[in-house]
Amino acid sequence: MAKGTSSKLGMIGSVRNFVNVVREIDLDEVRANAEMAPRLLVLAPSEEDAEKLAELLVGTPRSPYVYAARLDAPPRTGHAFDAVVAFDPSEADPIPRVAEALRARELQLPIVAFGGRDVSDEAAAEMAREAIVVRALERAPAFGRHIPAFRPAAVKAVVDETARANAQFALVSNIPSIIPVIGSLMAAGTDMLVLTKNQVMMIYKIAAIHDRDLHDQRKILGEVAPVVGAGFFWRTLAREAASFLPLLIGTLPKVGVAYVGTVVAGRAADFFYRYGQKPTKQQMREIYQQATDALKRVPLLLPGRSGSNGA
C-alpha cells in the first residue's frame, strides 16, 4: 500500500475513533454545572472597598454573581458560595478568621487572600482569579461562562489540570507493558480511550467557558474536531513510536506526549472559540513550542493538584 494512502487511512481511523469516543461520553453533568451561575463572596474592611474589589475581580459593577460585605460582618455561613476572596491590608493572613466565620473547612469552601496593596491592583486581581478557578476547579467552566473576566484563568485551569491528569495516567498505564504481548495491548487500548475521553471533556468545558450553546454537543465537538485534530493525531503517532521503547526509556516520552498533546488540543480549541477561526500553521507551531516549554516546568510525577481551601 502506498505511503500516502496508508496515512489517509490512518487519519480516517483516528477520526472514526474520535467519533466513537464522543458517543460514549455523557456531557450533561458538565453542561448543568457550567450553566449554573457561580457565586463569589468578596470581603474587605469596608463595604466600599468590598464593592470596588468585587468590580475589579469581575469587570462590572453590581454583578449578580458577587456578594460584597465587610470583613467584620460576613454571612453566617459560606454554603451559598463557590469561593471567597478576602482582603485585609492590616493583617498578613485573613484566611483563618474568615474560614472560621464561614465554616469553610466543613463546606470545603476555597478562600483566596487578595494580595494587592489596594482594591485597584489588577495584577493581584488576576492572581486571585487564577487561584479561585484552580481551587474550585469543578466550577471553573461556570466562572468563565458567566464572568468574562475569568475566562483566561478558567481555560488555563481546565487545560492544565487535564494535561496533568493525562500525563499521570500515561505514566501509570505504561506499567502493564512489562507483561509481554497482553500487557502491551492492555496499555495501548486503555491509554487511547482514557486520554481521548479526557481531551473531549476538556474541549467541551472550553466551549462552555466561551459561552457556546451546550445543548448541541455534536455540533460543538464537530466544529472543533478539525481544529484540534492535529493535536489528537500527533499525540497518537508519538505515543505509538514511544511504545517500541523499553519501559524505563519509553515511559517519559509517553508522559510528555500525553501532556503536550493535551495542552495543544486545549489551546487550539481556546483559540478557535476566542477568535472564531483556526490557528495558522505558524500559530500552531508556537502553541506546540509553548506546550513543550510548559512541560519542563510541571512536576508531572507528583500526586494531583493542591485542592485545599486555603483555610
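How many bridges join E1 to E3, and do they run parallel or antiparallel? Four bridges join these two strands, and they run parallel. Here are some notes to read alongside the model.

1. **Ground rules.** This is a predicted model, in which local features need pLDDT of at least 70 and side-chain atom pairs count only at pLDDT 80 or more, while totals for chains, interfaces and linings use all residues. Residues are numbered from 1 along each chain as its sequence is written, and side-chain values use heavy atoms, with hydrogens and water left out.

2. **Overall make-up.** Of its 311 residues, 45% count as buried, meaning under 20% relative accessible area with a 1.4 Å probe, protein chains only. Among contacts (heavy atoms within 4.5 Å) between residues at least 6 apart in sequence, 75% join residues at least 24 apart.

3. **The sheet.** The four strands form an open sheet in the order E2-E1-E3-E4, with parallel pairing; strands pair if DSSP finds at least two bridges between them. E2 and E4 are the edge strands, each with a single partner, so one side of each has no neighbour in the sheet. On average, neighbouring strands are turned by 20 degrees against each other, direction ignored. Axes here are lines fitted to C-alpha atoms, for helices over the stretch in contact, and angles between N-to-C directions run from 0 to 180 degrees.

4. **Strand partners.** You can trace the pairing residue by residue. E1 (residues 40–44) and E2 (residues 66–70) are joined by five bridges, and Leu41 has Tyr67 as its bridge partner in E2. Towards E3, Val42 has Val85 as its bridge partner, and Leu43 stands opposite Ala86. E3 and E4 pair over three bridges, where Val84 is partnered by Ile111 in E4.

5. **A crossover to look at.** Together with helix H3 (residues 47–58), strands E1 and E2 make a right-handed β-α-β unit. Right-handed means that, with the strands pointing away from the viewer, the path from the first strand over the helix to the second runs clockwise.

6. **Both faces of E3.** Ala83 and Val85 are buried on one side of E3, and Val84 and Ala86 are buried on the other. Helix H4 lies across E1, E3 and E4, at about 155 degrees to E4. Helix H6 (residues 122–135) also lies across E1, E3 and E4, at about 160 degrees to E4.

7. **Helix H4.** In H4 (residues 95–102), the buried residues are Ile95, Val98, Ala99 and Leu102. Seen down the helix axis, they fall within an arc of 100 degrees (taken from the axis to the C-beta atoms), so they line one face of H4. Their cover includes E1, E3, helix H5 (104–107) and E4. Arg103, which follows H4, has a positive phi, near 55 degrees.

8. **Two cores.** A nonpolar core is a set of buried Ala, Val, Leu, Ile, Met, Phe, Trp, Tyr and Cys residues joined through side-chain atoms within 4.5 Å. The largest has 68 residues, and Leu40, Leu53, Leu57 and Phe114 have the most contacts inside it. Helix H11 (residues 247–275) gives the most to this core, ten residues. A second, separate core of 14 residues includes Leu43, Ala69, Ala99 and Leu102.

Terms used. Buried < 20%, exposed > 50% of the residue type's maximum accessible area, 1.4 Å probe, protein only.
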